[in-house]
Amino acid sequence: MNMINVIPNVYPTLNGITGPFDLFQPSKIEQTTLDSVGFSPAIPFTGGTDYMFTLNSSYTTVDSLDGTSLEIGSYTFVLTKTPSSNNEYGGYITDDRIVQPGSIIYEIDLNSCNSVQDVLAAIKSKDSTNIGYGIDSNGAYYLSSPLAMIKGKSFTGYLATVEAASPTGLFSSPSNFTGGKNPSGLDDNDPDSLAHQFGKQATFSLNGLVANTGITIDRWADRYMLRFVTGNSAPTPSIPSNGVISVGVDYSGTVSYGPFSLDMSNRQLKLTVNEAGEGGNDYRVTDGIVGKTYEFLSTTALSGTSSRNDAYATVDVSGYTNVEDLISDLKGKAIMYPLTWSSREESKFENPIKQLYNNYYEFIDSGSSEPLSSLYKISGSTVIDLADMRTAVANGKSIGEAFADTFIEKTKNNHTSQIKKATDSSGQTIGISFKALWEGAGGNNGRLFLAEGQLRSYTLDYGKWFTENPTLSIPDFLNNKGFRAYCASCDNQVFNFHFITDDLPEGPRPEADPTGEDIKHIYINVSNVTDASSLVQAIVEQATPELTGSDPDLNHFMRLVADDDKLIIYDERRLTDEYLRYAKDRSGNLLYEYQWDDTYNVGGAKIADGVWDNVEIGERKIYAKDLIIHHTDRASMNIHLKIPQTTLDHLFGYEAGSQDWTDFNVMTSKSREELLGNWAGTTRSGKHITKDEEGLLDKALNYLIGANCLVGAQNMRLKMTEENIVSQREGTVASESTIRDANMAKEMTDYTKANVLAQASQSMLAQANQNSSGVLKLLQ
């Protein structure tokens, strides 16, 4: 696979695939801190007060409260002097249904109360934990609650009588609708997610309808009654409305009926729930209609004034005097605003699909020289570009004002009412304040958190590799090498990044083996690469158009970023690894095939040195003779040439004497079929052709084309061999010249040395002779 060893070999195998591999860093969201703006570790919501409901001053006696009602959270209280267990409030009646009361309703018996305060005490007795009451400083009566809103609520009165209808006797009563099935998968553009399958609608059918019968359909608080009458009349509501629809047993047609589609013909009824899903199976059918008078009593809303203070959490940036310090601290982080009650006291960062339960406001810096600083990392986050804040400060705004304006501008389409500017006592803008999700004092339990996202990414440090390999011949060493990356959410997606120094291959790459990996091959021409930065640039510039282009096979969420001499690969989806591993659809099916390895207890996207391919280059079946050329003095080193055979016996499979030349003509259908072949879908000689059949002429042409390709390949091989021999000869001559030059230099050195020694000897001898001559003169 021609590895260059820039990726460490950490795992020999993963998910049953032979490596060695390393893994992308996982995509995740983690809680972090920033003490300078209050995240240490979280900013509490404060200032929320109880809901206060001050009764209108006209309520001074118990009698004045009779017939009124109020709502406290999910509870409703009816104040009455005529309480009864048969009293019903809050239901209503339409043409096609009766809706039973759905909320929890308490009747407060005013007969046992002597004062307004007694009435308030009776209300509190129903929920002693959360409800308070009393008289304020102005002498007005009030109710209070720390968590639930208090307001007056009125009910409309309804009265209807339903006549009984006999059972049809056509089914076992009661019975439920059946066949409802939830949709599965995701209806998105992610080919790796579980394919979307539409749900199925629940149905209920009857056959053999008889007049003067009926059925009742219930689900939760809703009741539908269908009466079958003589004739073929279309479905018609009663007058006055009582929730009963009458239809003739001989009616034929399809109409909308409440949440159903009603289809009738030949005294057959089929009801189909409009909305697909298992919820449709909850509709319960009872045979017959019970005669009954439905009465829902009316009330008036208790008058009063509601008041409360909501809790806020403030992100205070007033401690910064340099905008670049604030940008440096915030970029790459995100404010997490909880959207569920479960997140009010803790961040729930361990939740595998936590992204669904929080709003993230993520900070990036498009003006940074660091490429990752301009990328958001949390899926679905609202992105706040701090470069805009930098510009605002440069234009004269304070840091607090610039921060608040930038934040509010970017979030104005999302939760605008939840975010406002925060000011100090002098009116100076110091940051932003978030309103608690839960109103009133309940919001004081909330927390605002700071999160930090991490991309599923991998960094290839080519700068380090070049430093550690200074003697390699670049770009030649890189030829036919590269790396490959695997998808984290499917078991066979492979991206080959194949380095070449020659021209890119012409024509489309052959399709990969459909039973093996889905290999996506991207060629990178590295002929102009001289160092790490130029290699990274070549990869990004050549691969990005293919990875982001219109070909869905290549545009598969993998993206590249150049960071000087480092290459960063990341998954554009930004879905956390926990989400990919655990997320399920409504039917309980896992949405992704997350690549988890039980042997090493790790998972995610794999990456490896070298390219991998399961496409094999096939050879044409050409009859050829092998010509061996010995071009060296070694028997094992030689050139093999394949000389194709192109005589008639090879072209047509002809055997001498077996056929006459007259057999090869087009005058008869049999001969034409043999020479020209047959097309699929035709009938020849009484035989139906199911697939194309190749004739002798096509076979011969294909054979000759193959022979021609073989000759061309041999010719190219000889030319390459010739070029190699010439190159070797030039290298040998150059080496010989170098050796000769070296020998001449050695001889000249030896000659000079001998000459110096001879001259030195002569000089010493002459000096010695002079000394002897002087001594002789003294002796004389």
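Reader: How do the residues lining the second largest cavity divide by type?
Author: The lining of that cavity has eight nonpolar residues, one polar and three charged. Here Ala, Val, Leu, Ile, Met, Phe, Trp, Tyr, Cys and Pro count as nonpolar, Asp, Glu, Lys and Arg as charged, and the others, Gly among them, as polar. This is a predicted model, in which local features need pLDDT of at least 70 and side-chain atom pairs count only at pLDDT 80 or more, while totals for chains, interfaces and linings use all residues. Residues are numbered from 1 along each chain as its sequence is written, and side-chain values use heavy atoms, with hydrogens and water left out.

Reader: Which residues line the second largest cavity?
Author: Its lining includes F24, R456, Y486, D571 and R573. A cavity is a set of points on a 1 Å grid over the protein atoms alone where a 1.4 Å probe fits but cannot get out, and lining residues have an atom within 4 Å of a point.

Reader: And what volume does the second largest cavity have?
Author: The volume is about 80 Å³, taken as the space filled by probe spheres set on the points, which are joined across faces, edges and corners. The count is two cavities of 30 Å³ or more.

Reader: Which salt bridge do D571 and R573 belong to, and are they buried or exposed?
Author: D571 and R573 pair with each other, at 2.8 Å from N to O. A salt bridge is a side-chain nitrogen of Lys or Arg within 4 Å of a carboxyl oxygen of Asp or Glu. D571 is buried at 9% relative accessibility, and R573 is buried at 11%. Buried means under 20% relative accessible area, exposed over 50%, and partly exposed in between, with a 1.4 Å probe and protein chains only.

Reader: Which residues are linked in a network with D571 and R573?
Author: D190, D192, R456 and D577 are linked with D571 and R573 in a network of salt bridges.

Reader: Changing topic, how many salt bridges does the structure hold?
Author: It holds 24. One of them joins D222 and R97, with the closest N and O atoms 3.3 Å apart. This pair links distant parts of the chain, 125 residues apart, with D222 in strand β18 (residues 222-229) and R97 in the loop between β8 (92-93) and β9 (98-99). Strands (E, at least two residues) and helices (H or I, at least four) are DSSP runs, numbered from the N terminus.

Reader: Is R97 buried or partly exposed?
Author: R97 is partly exposed, because its relative accessible area is 23%.

Definitions and conventions. On a 1 Å grid over the protein atoms alone, a cavity is a set of points where a 1.4 Å probe fits but cannot get out, and a pocket is an open set with protein on both sides within 12 Å along at least five of seven lines; lining residues have an atom within 4 Å of a point.
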